[in-house]
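Here is a short walk through one protein model. Keep the viewer open as you read.

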Amino acid sequence: MRSFLAFTKKELMESTRTYKLFVLLTVFVIFGFMNPIMAKVMPELLNEFLPDSITITLEEPKALDSWMQFFKNVSQTGMIVMVIVFSGIMANEISKGTLTIMLTKGLQRKAVILSKFAAGVMQWTLAYILCFLITYLYTIYFWSMNEISNLGLAVISLWVFGIMLVALTIFGGLLFKNTYGALLLTGGVVMIFTILNIFPKIKPYNPMTLVSDSIPLLTRDFLPRDMISALVVTIVITVVVLVSALVDWIRLN
């Protein structure tokens, strides 16, 4: 336990010193402000820049538009930034050989994987919570939330999907021993899930459902029980990936 706590602290300090945490937080805080503001001003911007000869009728912006921006920005750009930031979390130390020195000084091998995973999850969670809170506060300031359903489940589901990406990034770095391998493995798995999402019988259990059906869940067009099925599968995959990383790391050393 002592090794785990010490190495987790070291990971968090390193993320701070290398500005990785700063980059991650900055991106998500910006999205937090952008989500409701863009939803609020988008109709006005469109009317401003469209030629006078073109007239379109747009609905008044509402809370759902803000959450559409939230889930789109976080699941696309936000998670890409997160994976890039964490892509070297395992690969860099393996390539530099710094972990070998720590292991010879008594650091437990399993503590390395668990600490890196914990540090990654903590940073992802902090960035995600900041983005959510900013979006939520501005959304309830501008609009009523009466039309929004299952927001808690939708937000938790996307958070769990992000945790799975952290585990995949660590496993990819361990497997290929470079950042490109970590990015390719994570991107490849997400691509497979995206392709599988076109099959109706698989979709309720597909982790990509946590991303693709957040808005239908808010509008009651998607059943919570189907989201829960995908949520359970995602948690199982995360555990399997993490255990595989532990086994591979112990075997490697």
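What follows covers a helix pair and then a surface patch.

The model is predicted. Start with helix H6, which spans residues 109-142, and helix H7, which spans residues 151-176. Their axes lie 10 Å apart. The packing angle is about 150°. The crossing of the two helices is right-handed.

Now look at the residues that make this contact. From H6 come Ile 113, Lys 116, Phe 117, Gly 120, Val 121, Trp 124, Thr 125, Tyr 128, Phe 132 and Tyr 136. H7 answers with Leu 151, Val 155, Leu 158, Trp 159, Gly 162, Ile 163, Val 166, Ala 167, Ile 170 and Leu 174. Sorted by class, the contact of H6 with H7 has 16 nonpolar residues, three polar and one charged.

Next, turn to the surface. A nonpolar patch there is formed by Phe 33, Ile 37, Tyr 136, Leu 137, Tyr 138 and Ile 140. Together they have about 490 Å² of accessible area. Which helix gives the most to the nonpolar patch? It is H6, with four residues. Helix H2 (20-49) also supplies at least two. Ile 37 lies in H2.

One residue links both parts of the tour. Tyr 136 of H6 takes part in the contact with H7, and Tyr 136 is also listed in the nonpolar patch.

Conventions
Residues are numbered from 1 along each chain as its sequence is written. This is a predicted model: local features need pLDDT of at least 70, side-chain atom pairs count only at pLDDT 80 or more; totals for chains, interfaces and linings use all residues. Side-chain values use heavy atoms; hydrogens and water are left out. Axes are lines fitted to C-alpha atoms, for helices over the stretch in contact, and angles run from 0 to 180 degrees between N-to-C directions. A crossing is left-handed if the near helix is turned anticlockwise from the far one by less than a right angle, and right-handed if clockwise. Contact means heavy atoms within 4.5 Å. Ala, Val, Leu, Ile, Met, Phe, Trp, Tyr, Cys and Pro count as nonpolar, Asp, Glu, Lys and Arg as charged, and the others, Gly among them, as polar. Patches are made of residues with over 30% relative accessible area and no salt bridge: like charges are joined within 9 Å, nonpolar side chains (Val, Leu, Ile, Met, Phe, Trp, Tyr) within 5 Å. Accessible areas come from the Shrake-Rupley method with a 1.4 Å probe; for residues, only the protein chains shown count as cover. A salt bridge is a side-chain nitrogen of Lys or Arg within 4 Å of a carboxyl oxygen of Asp or Glu.
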